[in-house]
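Dear colleague,

Please read them alongside the coordinates.

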Amino acid sequence: MSDEVITSPPAGALAAPQGTVAASFSALESALDYLNAAEIEQVRQAFRFADQAHLGQLRNNGDPYVTHPIAVALQCTEWKLDVQALCAALMHDVLEDCGCSKADLVQQFGPQVADLVDGLTKLDKLEFDSREQNQAESFRKMLLAMARDVRVILIKLADRTHNMRTLGDVPRRKWGRISTETLEIYAPIAHRLGLNNNYRELQDLAFRHLHPWRYRALSKALEKSRNRRKDLVAKVRGEVEGALLRHGLEARIVGREKTLFSIYNKMDSKHLSFAQVTDLYGFRVILPELLDCYRALGILHQIYKPLPGKFRDYIAIAKMNGYQSLHTTLIGPFGANIEFQLRTPAMDVVAESGVAAHWLYKSSATDGPVVQEPDARWLQSLLDIQQVSQDAAEFWDHIKIDLFPDSVYVFTPKSRILTLAHGATVVDFAYTIHSDVGNRAIGAKINGEQVPLSTRLKNGDVIEILTSPHAQPNPSWLGFVKTGRARSKIRHHLKTLALEESQALGERLLLQALRAEGFIGLPDETDAPHQAVWDKLLRFAGNRSRRELLTDLGLGKRIAGMVAKKLAALLGEIGHKPDVLLISQERYGIAAEDQASQGVVSLDGSEGASVQYADCCLPIPGDRIVGYLGKGEGLVVHTDDCPSGKRLLHRDSERFLEVEWSEEPTRAFETSVLVTVNNGKGVLAKVAAALATAEADITHLHMGDERGQSTIDLRFALAVRDRVHLAQVLRQLKRTPAVVRAQRLRPQRPGS
């Protein structure tokens, strides 16, 4: 509706011809033979309601506007959708432009129809354009509507299909946006729902309006090719029919031609000319029973030679959208590649109509074939992603890679088949099993062999995930995971972890700053007077909750000293008095030795993402250090002689706070060491052996480009426990015969 210009006839003009409307509705009525008399009458009632609501409105081509919803409903009859869906299709625009209310629809047609129309109206208001944020939020709304009732998206796809068929009537300046949106959003959704006829039509219509000249040129080339290859198609059809009949198999053989868009895509991606595209034609072979498909496959492989690597069994392992067929590509007469798809009638319905097959068979006779409803895992996966992706642009980034993937089929140790995107890794598999399995993964076995978590999966792999209760997702996983589900789960876990750590750091900083104002401990927010204090403090800081305020303090978005001064003032208003002695101790250092470190942030390396150790100076335990509360990056620790830290101190002194090392750090810390050696055979091995003897881990090595010189510099990044351990490492290096000099690298002052 948003792309359709609605006009009223000019004053004095004749009303739009109602013969067009009558003919359109007559075509719709003739397609309602699967409904009973009462349901057909309900459809007529919906038509009369829509006709009255759109009275006087015209489409761009001058036809009465109501012909559009009739065409949408007619498309829905091809899928044999139920009466509620047909009524909603006829009235899908009445809420938006005709002054009708949802209450009117509930009263006349019931809540189901009203909800469908309301969901469609919300989708019609979506505007997809080049702005990523808007597109992302719009797709999120569409997904939620689809999750509530899949009929909403089916009607929307029928609406989009008719709009694309009549896009020539729309001003040409809109063609690009509407066609791009169709290719990026609606065609992939149609494909994932198994609506392959609509998927192919939407692609071709979008291609036609995006690249009119290329479309016309390809159309002419395909027409010429079709005339040249008539004999080939007839010959293949005759040979296949004859061979199947000789083996007692009755089959319906349908010729299939590659769509213009798929031909163009192949030419574009593989840099081919039209003449080089050899698989323009294919055949669909419809057989009565499932086992007949496998028998027919064997017969076909006796007639023509199969192309190696071009056989796919989608019957044994169906696609995620429910698609089932045997695919094989054979070398036919004159060396032409011809693809055959073998399936039963029930599989054919699902292959062309996807989720709509549910209604097709639901409305057929009770003794008709039973069709399994297509797999809903993809939709559930998108719902899971949207629940953990609060940011719309991030959500869009995650689902784009899930909309249109090729598939790889793998197995769990218990022989359960899972379908993942092509290129998926062990981590993707782990998150497909369960979020907790992914979060706790530490390793994996593929076909019984230990492999890294970044290993890409291949068809038929059997994967076992090794987990640990103390493991956490690694940010580096984001560099190789393929599926949107895994990416969103990893980001969500890391964000949650970082926020929890920032909250804990923020609480420590506020407690420290509050001591300087003469108060020990934060006020209890559960009792009424203190709750009022917290409410006023949150309004002052602009936060919605205590947790959010503490997190902002830990991330450096708020200054702990300013918040503490306000909190002290609010406590004074309700009669709390500061401890003068405590103020003196904290502000002026008049403190007992055992209290000297109170209020100082103690660091042991276990702080996580809320505390970062600056790359410019790489502090290690034993160094004198200072803490800088960067905006949005938490606490950044520098050595006290670091030039970068000193520049920050000069510029933002109020953001610095006192920090110290814990007596027992929990991990090793990285530092840089420069080792100058006499160049020769085995020198690097000797240096590495000396480092191993000193129990220092090498995390990185840079050798430079000094290969031809007698002495060279080796720059190591080493993990050491503290300054004492580093001194031992340097002594061990200096004892090595080939080493000329070994020293810790310090940050350089500007100009030095």
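**Salt bridges and burial**

At a relative accessibility of 14%, D348 counts as buried (buried means under 20% relative accessible area, exposed over 50%, and partly exposed in between, with a 1.4 Å probe and protein chains only). Its side chain meets that of R343 in a salt bridge, at 2.8 Å from N to O (a side-chain nitrogen of Lys or Arg within 4 Å of a carboxyl oxygen of Asp or Glu), and R343 is itself buried, with a relative accessible area of 1%.

This is a predicted model, in which local features need pLDDT of at least 70 and side-chain atom pairs count only at pLDDT 80 or more, while totals for chains, interfaces and linings use all residues. Residues are numbered from 1 along each chain as its sequence is written, and side-chain values use heavy atoms, with hydrogens and water left out.

The structure holds 20 salt bridges. One of them joins E201 to R165, with the closest N and O atoms 2.6 Å apart; because E201 lies in helix α11 (residues 196-210) and R165 in helix α9 (residues 150-165), the pair ties together parts that are 36 residues apart in sequence (helices, H or I of at least four residues, and strands, E of at least two, are DSSP runs numbered from the N terminus). E201 is partly exposed at 25%, as R165 is at 40%.

Helix α4 (residues 83-90) has 7 of its 8 residues buried, so it is largely enclosed by the rest of the structure.

Best regards
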